[in-house]
Amino acid sequence: MFTPVEEALQRRVGELLPKFKDRSPSLGDLLDEAAKLPALPAIPIAYDGYKPLTQTGADAKVESTWLLAIAVASSAQAGAAQRAKGEALPLADTLLKGLLGWRPAKGYSRFTLAPAGGPLWLPKRGLYLLPVAVATTHTLTGVEED
C-alpha cells in the first residue's frame, strides 16, 4: 500500500540532493544509542501514519503522512545546535521546494505540507534532527461482499 511512495521519496531525495542518494538509514538506527551512528548528514524516510478521509462501500480515501528527518552531526559544545540547525535548514528548504506539489506515484495526489514536530537535538548521540513532513492521498479498494 505504501511501498510506491517510500521508494519514490527515496528517488526524489536523491534527485533533489544527490549526495543523499544512498543515505537513507532507518530512523530507529539513528536514535538507537547502542547502534553505530551512520554517515551524516543523512535523510531517513519514515511512514508516519494515515488518516481515513472518506469511505464508500469497500473504497476508502486515506491521507498518508511521510516524515523526512534531516539528520546532521552535532555535539554538546556551546553553539553546536545552532550550527547544526544552520546546516539542516537549507536542506529542508530544498526538500520542501522539490516535494510540495510533486506526485509520488500514479493514483496518489500531489504532496502537501503536513504537521511535523520541532527539531530534536541529541548531543550525547552527536545528532541534530530536523523533521519535514509531507502528505498524499489515495484510494484503497477492499473486497465488497454481500
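Author: Buried means under 20% relative accessible area, exposed means over 50%, and partly exposed lies in between, with a 1.4 Å probe and protein chains only. Helices (H or I, at least four residues) and strands (E, at least two) are DSSP runs, numbered from the N terminus. This is a predicted model, in which local features need pLDDT of at least 70, side-chain atom pairs count only at pLDDT 80 or more, and totals for chains, interfaces and linings use all residues. Residues are numbered from 1 along each chain as its sequence is written, and side-chain values use heavy atoms, with hydrogens and water left out.

Reader: Which residues in H3 are buried?

Author: In H3, the buried residues are Ala 80, Ala 84, Ala 88, Leu 91, Ala 92, Leu 95, Gly 98 and Leu 99.

Reader: And what do the buried residues of H3 pack against?

Author: They pack against H1, E2, strand E4 (120-122) and E5, where contact means heavy atoms within 4.5 Å.

Reader: How do the axes of H1 and H3 cross?

Author: The axes of H1 (residues 3-16) and H3 (residues 80-99) come within 10 Å and cross at roughly 120°. Axes are lines fitted to C-alpha atoms, for helices over the stretch in contact, and angles run from 0 to 180 degrees between N-to-C directions. H1 and H3 are therefore oblique to each other; angles under 35 degrees count as roughly parallel, over 145 as roughly antiparallel, 65 to 115 as roughly perpendicular and the rest as oblique.

Reader: Which residues meet there?

Author: From H1, Leu 9, Arg 12, Val 13 and Leu 16 meet Thr 94, Leu 95, Gly 98 and Leu 99 of H3. By class, this contact has five nonpolar, two polar and one charged residues. Ala, Val, Leu, Ile, Met, Phe, Trp, Tyr, Cys and Pro count as nonpolar, Asp, Glu, Lys and Arg as charged, and the others, Gly among them, as polar.

Reader: Which residues of H1 are buried, and what covers them?

Author: Val 5, Ala 8, Leu 9, Arg 12, Val 13 and Gly 14 are buried in H1. Their cover includes strand E1 (45-56), strand E2 (59-73), H3 and strand E5 (127-141).

Reader: A change of topic: is Asp 48 buried or partly exposed?

Author: Asp 48, which lies in strand E1, is partly exposed, with a relative accessible area of 46%. Leaving aside neighbours within four places in sequence, Asp 48 is in contact with Thr 65, Trp 66 and Leu 67.

Reader: Lastly, what follows H3?

Author: H3 is followed by Gly 101, whose phi is positive, near 90°.
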